[in-house]
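Visitor: Could you walk me through this one? I'd like to learn how to read a helix and the sheet beside it.

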Amino acid sequence: MTVTQHTYARRGVLRLGTRRSLMATTQSQMVADRLTTLTGATVELVGITTFGDVTKAQLSQIGGTGVFVSALRDKLIDGEIDFAVHSLKDLPTTPDPRVLVAAIPPRDDPRDALVGPAKLADLPPGARVGTGSPRRIAQLRALRPDLEYVPIRGNADTRIGKVASGELQAVVLAAAGLGRLGRDGEISEVFEPGDMLPAPGQGALAVECRAGDDDLIGLLAALDDPRTRAAVTAERTVLAALEAGCSAPVGAFAADAGHILNLTAAVVALDGTRSVRKSTAGDLSAAMDLGRDLAAAMIAEGAGTLMEERTH
Ligand SMILES: NCc1[nH]cc(CCC(=O)O)c1CC(=O)O
């Protein structure tokens, strides 16, 4: 046996690489426990510090959330870890041929949530609401143009802390993340997708390993939920076909009803005044076509022009 062999069967313990944040370690541990329950595999968490975790710069300045993903992928390729768990919405839509999304587990709540003293409609005029996401800012401006939207970053604890300290009246975060941290008791409103379309893939996880690590790919398949995979495939195909990045004001959400996938997507002008929003429905098995066709229809209605506006 040579040291370059990474087969888990020889080693016995699977190494799951994770960012060190509470959210990342919590969701990695959830996946590890589920894998152990389903397959009997022994899993060990390996903490990895990424550049995105130590810099204070805005994510848009350091290449977006992809920085978190690429650090874990590098460790995967080096053989320091065997697999990794990412928030699917942070995964760039351009595939990396070195790795494979071996499983997409059942999705948690896909919606966005407000943490604060009241629902959005009941916040006083001029209230300061924290979110760094152009998608959230654009849709919030459409709902409450009279509030002030303040860019923030940092982990959920830091963000919620700004409400407790009075620096902000409210913050918007993903309901799934708050749930995983046990902070969902502080939610004052959960936004329905009709009012605020979630980010493509929000609430879902991606379990990634080296391409070609066939034994492990077979094992991780136990975690996969085909319905979630179809829904997020449709959503992410819209994003890819619009050639939009993770910081673009693009929302997409697919809900399945039996064999049918109902897909809605929107591009919203950053000032919230205009949007291109379209829906479609089709078979679960045609998720990619659904996403591609919807994006084409959106581009025909000016979605590309709306997205370009923000860069000028
Ligand atoms: N971009 C950070 C990020 N990536 C995934 C989640 C939440 C959990 C999820 O969507 O699975 C968050 C925080 C947030 O948006 O509030």
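**Reading a helix and its sheet**

Guide: Let's start where helix 6 has just ended: glycine 166 takes a positive phi of about 90 degrees there. Helices here (H or I, at least four residues) and strands (E, at least two) are DSSP runs, numbered from the N terminus. Residues are numbered from 1 along each chain as its sequence is written. Keep in mind that the model is predicted: local features need pLDDT of at least 70, side-chain atom pairs count only at pLDDT 80 or more, and totals for chains, interfaces and linings use all residues.

Visitor: Which residues of helix 6 are buried?

Guide: A residue is buried if 20 or more other C-beta atoms lie within 10 Å of its own, exposed if 12 or fewer, and partly exposed in between, with C-beta atoms placed from the backbone. In helix 6 (residues 156-164), the buried ones are Ala156, Arg159, Ile160 and Val163. Down the helix axis they fall within an arc of 90 degrees (taken from the directions from axis to C-beta atoms), so they line one face. Asp157, Thr158 and Ala164 are exposed on the face turned away.

Visitor: And how do I read the sheet?

Guide: Strands of a sheet pair through backbone hydrogen bonds, either parallel or antiparallel. Here, two strands pair if DSSP finds at least two bridges between them. Five strands make an open sheet, ordered 7-6-8-5-9, with mixed pairing. Strand 7 (148-150) and strand 9 (187-190) are the edges, each pairing on one side only.

Visitor: How do strand 6 and strand 8 run, parallel or antiparallel?

Guide: Parallel, joined by two bridges. Look for glycine 130, opposite valine 171 in strand 8.
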